[in-house]
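Subject: Structure handover

Hello,

Here is the structure I promised you.

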Amino acid sequence: MALPPVFDTLRLPVVAAPMFIISNPDLVIAQCKAGIVGSFPALNARPAEQLHDWLQTITEELDRHNQAHPDSPAAPFAVNQIVHRSNDRLMHDLEACVKFRVPIIITSLGAREEVNEAAHSYGGITLHDVINQRFARKAIEKGADGLIAVAWGAGGHAGQLSPFAFVQELREWFDGPILLSGAIAHGGAILAAQAMGADLAYIGSPFIATEEARASDAYKQAVVAGHAEDIVYTNLFTGVHGNYLRSSIEAAGLDPDHLPQSDPSQMNFSSGSSKAWRDIWGCGQGIGRVERVLPAAALIARLAREYEAARARLAAAAPASAAVAPV
């Protein structure tokens, strides 16, 4: 199945993941201008009234870019809506998205028909992030247009399934858009995601270490210095399992190797003066490829070079592979 037309202006098959606190209009605009879908969580705009300003800023700036560069228009942007019952802003934020005709709505922590219907009312699409087949089927049943397979190694709230198994099983019953999330920080991994059956890569953690990201310098440098083994998987901080930087957990006075389990109904955490949303840093396992803080456009350019190089290597290897006699 072909991707929806909203993705026609992509110059690289990538959607930037919406990151709590981190994603902001400057980062989204830079991502879209560089040719990938930029996104942010609606809850990053605080107070709630600020969401209107953010959407207006993004929409107007991308419109100006498109008028000035008709031959290379910006990619579309997306807004992430947390549909969990704890989000008392959902209807307010959804109304703002409808007003500005946000091209893509990303939904998380639940599947709600009314959210999908609202996006469809003006021609938008919805993508729902899932960690297993049960949640995936429920999302499609409730009207989502596509799925984001959040596999093992993804930053923030993540699942435990291998991306190989996850995408393969999704493709057995779903022929719509599939995005793959989980430790993708190299252009070769983008191509690998497509080879497995995904349409697009879903990338978050590398964008923490960009100049536009709303992260502290310490957070950015921790991502630059970190590797896969520095990631800890726990549900302590939000009640939902996710991946976090070991150094931030230690800085909060906790032992990353002996964390207690949290009540799944708990959606907030504090330990002394530390708060999960501020001091405990979400991050995925792919950060070993992040070598320094860059402008978002430079990071995307690097991913694009790596992606094209991987495609060239694959094409060069194809004749030799074809010459091998079947067993």
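This is a predicted model: local features need pLDDT of at least 70, side-chain atom pairs count only at pLDDT 80 or more; totals for chains, interfaces and linings use all residues.

Start with one residue pair. Ile231 has Leu245 as its bridge partner in β11.

Now the overall picture. The protein chain contains eleven helices and 13 strands. Its radius of gyration is 19 Å. A compact globule of 327 residues would come out near 20 Å, so the chain agrees with that expectation. The C-alpha trace spans about 65 × 45 × 40 Å along its principal axes.

The eight-stranded sheet

A second open sheet is built from eight strands, and here the pairing is parallel. Reading across, the order is β1-β9-β8-β6-β5-β4-β3-β2. β1 (14–16) and β2 (38–41) are the edge strands, and each pairs on one side only. From one strand to the next, the twist averages 25°.

Within this sheet, β5 (residues 125–130) pairs with β6 (residues 146–150). The sense is parallel, over four bridges. Asp129 sits opposite Ile148 of β6.

Two helices pack on the sheet. α3 (residues 90–99) touches β3 (77–82) and β4 (104–108). The direction of α3 makes about 165° with that of β3. α4 (residues 113–120) touches β4 and β5. For α4, the angle with the direction of β5 is about 145°.

Backbone points to check

Two places deserve a look before you set anything up. The peptide bond from Arg46 to Pro47 is cis, with omega near 0°. Pro47 lies in the loop that connects β2 and α2. Arg101 has a positive phi, near 50°, and is not a glycine. Arg101 is in the loop between α3 and β4.

Cavity

How many cavities of 30 Å³ or more does the structure hold? There is one. The largest cavity has a volume of about 40 Å³. Its lining consists of Thr107, Gly110, Ala111, Arg112, Asn116, His128, Ala139, Lys142 and Ala144. By class, that lining has three nonpolar, four polar and two charged residues.

Second largest pocket

The volume of the second largest pocket is about 190 Å³. Which residues line the second largest pocket? They are Pro5, Val6, Thr9, Thr59, Leu62, Asp63, Asn66, Ala74, Ala75, Pro76, Phe77 and Pro103. Helix α2 (residues 50–68) gives the largest share of this lining, with four residues. The lining divides into eight nonpolar, three polar and one charged.

That is everything from my side. Send back any questions once you have had the structure on screen.

Best wishes

Terms used:
Residues are numbered from 1 along each chain as its sequence is written. Side-chain values use heavy atoms; hydrogens and water are left out. Two strands pair if DSSP finds at least two bridges between them. Axes are lines fitted to C-alpha atoms, for helices over the stretch in contact, and angles run from 0 to 180 degrees between N-to-C directions. Contact means heavy atoms within 4.5 Å. On a 1 Å grid over the protein atoms alone, a cavity is a set of points where a 1.4 Å probe fits but cannot get out, and a pocket is an open set with protein on both sides within 12 Å along at least five of seven lines; lining residues have an atom within 4 Å of a point. Grid points are joined across faces, edges and corners, and a volume is the space filled by probe spheres set on the points. Ala, Val, Leu, Ile, Met, Phe, Trp, Tyr, Cys and Pro count as nonpolar, Asp, Glu, Lys and Arg as charged, and the others, Gly among them, as polar. The radius of gyration is taken over C-alpha atoms; the globule rule is 2.2 Å times the number of residues to the power 0.38.
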